[in-house]
Amino acid sequence: MSTFYRSAPQYKNQISVVNGKKSGTDINLYKLFTEQCFNLLRPSGECGIVIPSGIYTDLGTKQLREMLFSQTKITGLFCFENLKMIFEGVDSRFKFVILTFEKSGTTQAFPTAFMRHDVKELKHFPNRDSLEVNVPLIRRLSPDSLSVMEFKNELDIQIAKKMLKFPLLGEKIDGTWNIKLTNEFHMTNDSHLFRQLPAPNRLPLYEGKMIHQFTNQWGQPKYWLDEAEAKEGLLNNRLRKIKKLFKENNITQDIDIDEFKLDYESYRLAFRDVARNTDERTMISTLLSPNVFCPHTMSLGQVFQDIIFDDSIQYNNRMTDHIQLTYLVAVFNSFIIDYLIRQKVTAHVSFFFVENLPIPRLTENDLYFNEIVTRAAKLICITPEFDDLALEIGLGSHHNGVSDPADRAKLRAELDGMIAHLYGLTEDEFSYILTTFPLVKDEIKKQALAAYHTYAPTTDDLAIKQLIQQGEGHHLEFKGSGRWNIAKSQYTKDLEKVIIKAIAGFLNADGGKLLIGVNDEGMILGLSNDYNTFNKKQNKDSYELWLRDLLLQKLGNNLSPLLTISFHLIENKEICCITAKPSPQRIFITEDSKKFFYLRSGNSTRTLSLSETISYCEKHWSKSPSAP
């Protein structure tokens with residue numbers, strides 16, 4: 001019967017295809033009924049069907065959503081919980097949907113209602129106040145699965161669009177870290193490996209219910225595995241993947257099994273698979289210590305940089321970055337990510353939900369990164385098993401971790417406040433997100449909002465942001481970088497001349513601001529590439545010292561009172577602002593034994609000829625300059 005449904009032409013949309021691979025292949029009656037209803041309709045015929053809410057969320061129904069979007073006009077998606085026991089004998093948290101569609105045309109947008117409890121509302125659905133969900137937005141938010149998020153109002157959509165400025169976690173990006181999600185053992189298929197008592201050379205099996213946010217001590221293990229026996233199974237699985245990888249990349253290198261280091265031997269990111277959006281928190285994540293195994297109720301992740309295939313390939317190591325993992329745990333456990341994923345999840349936090357999360361790919365040179373990692377490490381590293389991680393991050397040992405509940409709550413609130421700013425949320429947006437967690441204590445939400453205020457951009461930052469929005473002008477110029485040649489991807493000393501020329505132009509005119517880290521179009525690039533050009537301290541302190549030395553060397557000490565250097569956080573990226581006041585005297589810049597006079601005029605800085613210089617100086621300073 002299963003073979004028939006998998007191959008019958010009238011059920012071609014039962015199996016989802018993601019990135020060219022089949023996924024979500026389980027046969028399910030409601031999926032079969034939905035497609036057969038479509039088949040039975042005549043052109044322009046209409047259908048209304050009551051089915052589980054998985055029709056708009058689950059990966060296994062992706063192809064059905066594609067069918068509905070591209071071959072029908074969806075006229076309504078009304079989702080309700082079974083809270084009032086509309087269906088007897090079904091869990092009150094189970095969600096159903098009333099789906100209506102017409103077999104014609106395509107769907108660009110459709111009316112929705114989510115998390116409803118009273119089916120009487122159907123009498124007035126849809127209406128002009130119903131929330132319209134846009135299909136192009138669905139494709140952007142969930143390109144792999146086409147899952148429909150449970151938006152409740154326009155503010156939900158506004159927040160989702162703002163978060164989409166960041167890349168999806170499953171998107172592989174060159175030049176930065178990426179993540180690979182995996183499972184290890186299956187509770188049923190691998191149950192023959194599980195032992196009910198600990199013993200020498202046995203390692204514990206950590207189930208999803210044993211962890212909570214920032215802790216792996218939420219429960220005690222029920223099963224243990226013989227390490228040698230379990231390792232053999234994992235090695236065989238890894239060998240198959242490595243051989244396939246080598247074949248795809250034409251690598252003939254021998255594989256030495258003795259050199260293999262498996263994932264369980266290092267720190268790993270973990271999150272619960274079983275979760276509901278009606279729970280207190282949906283995304284439950286932490287780091288696991290080495291030497292524990294996991295079943296499929298726990299999903300695992302390792303952060304890695306690009307692996308380069310050459311003669312010295314490290315095929316047994318993904319170059320795991322534990323510091324990045326710690327950062328990622330903090331982001332996963334934030335209110336904003338939890339808010340986003342609980343709009344998609346029904347009963348499982350599946351890979352495709354997590355891989356479609358927009359996550360800032362911060363590194364140690366980005367603002368907030370080190371602050372986030374340090375706080376997360378204090379929450380995670382509270383037992384001796386995490387001493388190596390604490391040392392790697394700079395915490396010393398688990399003795400510097402935080403166990404006191406009040407202090408832990410403070411750290412978590414600070415993380416939520418920082419991460420809300422990471423995503424550029426307004427106070428109204430963050431306050432709204434907090435209201436979507438009805439089971440979370442009010443005191444916790446108040447602490448998070450207070451932390452948001454603590455880490456809010458300064459008035460000066462907001463003023464600079466408004467200037468950028470106005471664009472370049474007589475008193476404002478943008479430079480993408482001061483040391484890093486973006487086009488050539490290398491440090492270029494000649495960029496210093498560009499900065500001096502711009503500042504001299506402002507000094508000789510009416511003053512102005514030079515913003516470094518902003519390109520000509522007003523896009524915020526930040527200073528991370530410039531920071532990386534320093535050998536030692538790669539931060540704003542080194543940058544400011546370099547700038548001051550440069551300006552004093554080229555312009556002279558007497559101009560120091562006219563120049564101010566400041567740094568600002570714009571869109572979670574640091575930029576530098578050099579403010580120049582009008583100079584009481586003319587400024588000439590010496591280059592290659594020649595003197596030049598620069599002047600800011602309109603949107604550009606000009607080099608004046610000798611006659612233009614004399615004429616301008618006589619008029620601007622009311623006295624004749626000496627010939628340069």
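**Close-up views of a predicted model**

**View 1. Surroundings of Thr72.** Apart from residues within four places in sequence, Thr72 is in contact (heavy atoms within 4.5 Å) with Phe38, Met67, Phe101, Glu102, Lys103, Ser104, Gly105, Thr106 and Thr107. The model is predicted: local features need pLDDT of at least 70 and side-chain atom pairs count only at pLDDT 80 or more, while totals for chains, interfaces and linings use all residues. Residues are numbered from 1 along each chain as its sequence is written, and side-chain values use heavy atoms, with hydrogens and water left out. Thr72 sits in the loop that separates α3 (62–71) from β4 (73–81); helices (H or I, at least four residues) and strands (E, at least two) are DSSP runs numbered from the N terminus. The relative accessible area of Thr72 is 0%, so this residue is buried (under 20% relative accessible area, with a 1.4 Å probe and protein chains only). From the side chain of Thr72 to the backbone oxygen of Leu68 the distance is 2.6 Å.

**View 2. Glu414 in helix α12.** Helix α12 covers residues 405–422 and contains Glu414. Why does Glu414 count as buried? Glu414 is buried because its relative accessible area is 11%. When neighbours within four places in sequence are set aside, the contacts of Glu414 are Arg375, Ala451 and Tyr455.

**View 3. Nonpolar cores.** A nonpolar core is a set of buried Ala, Val, Leu, Ile, Met, Phe, Trp, Tyr and Cys residues joined through side-chain atoms within 4.5 Å. The largest one has 105 residues, and Phe332, Val354, Ile359 and Tyr423 have the most contacts inside it. Val354 touches Leu169, Leu181, Phe271, Met283, Phe332, Ile341 and Val349, with residues up to four places away in sequence not counted. A second, separate core has 29 residues, including Ile503, Leu527, Leu559 and Ile565. In soluble globular proteins, nonpolar side chains tend to be buried together.

**View 4. The whole chain, for context.** The protein has 19 helices and 23 strands, and its C-alpha atoms fill a box of roughly 95 × 65 × 55 Å along the principal axes. Of its 628 residues, 51% count as buried. Among contacts with a separation of 6 or more, 71% are between residues 24 or more positions apart.

Note on methods
Buried means under 20% relative accessible area, exposed over 50%, partly exposed in between (1.4 Å probe, protein chains only). A polar contact is a pair of N or O atoms within 3.5 Å; within protein, one must be able to donate a hydrogen and the other to accept it, and residues adjacent in sequence count only if both atoms are side-chain atoms.
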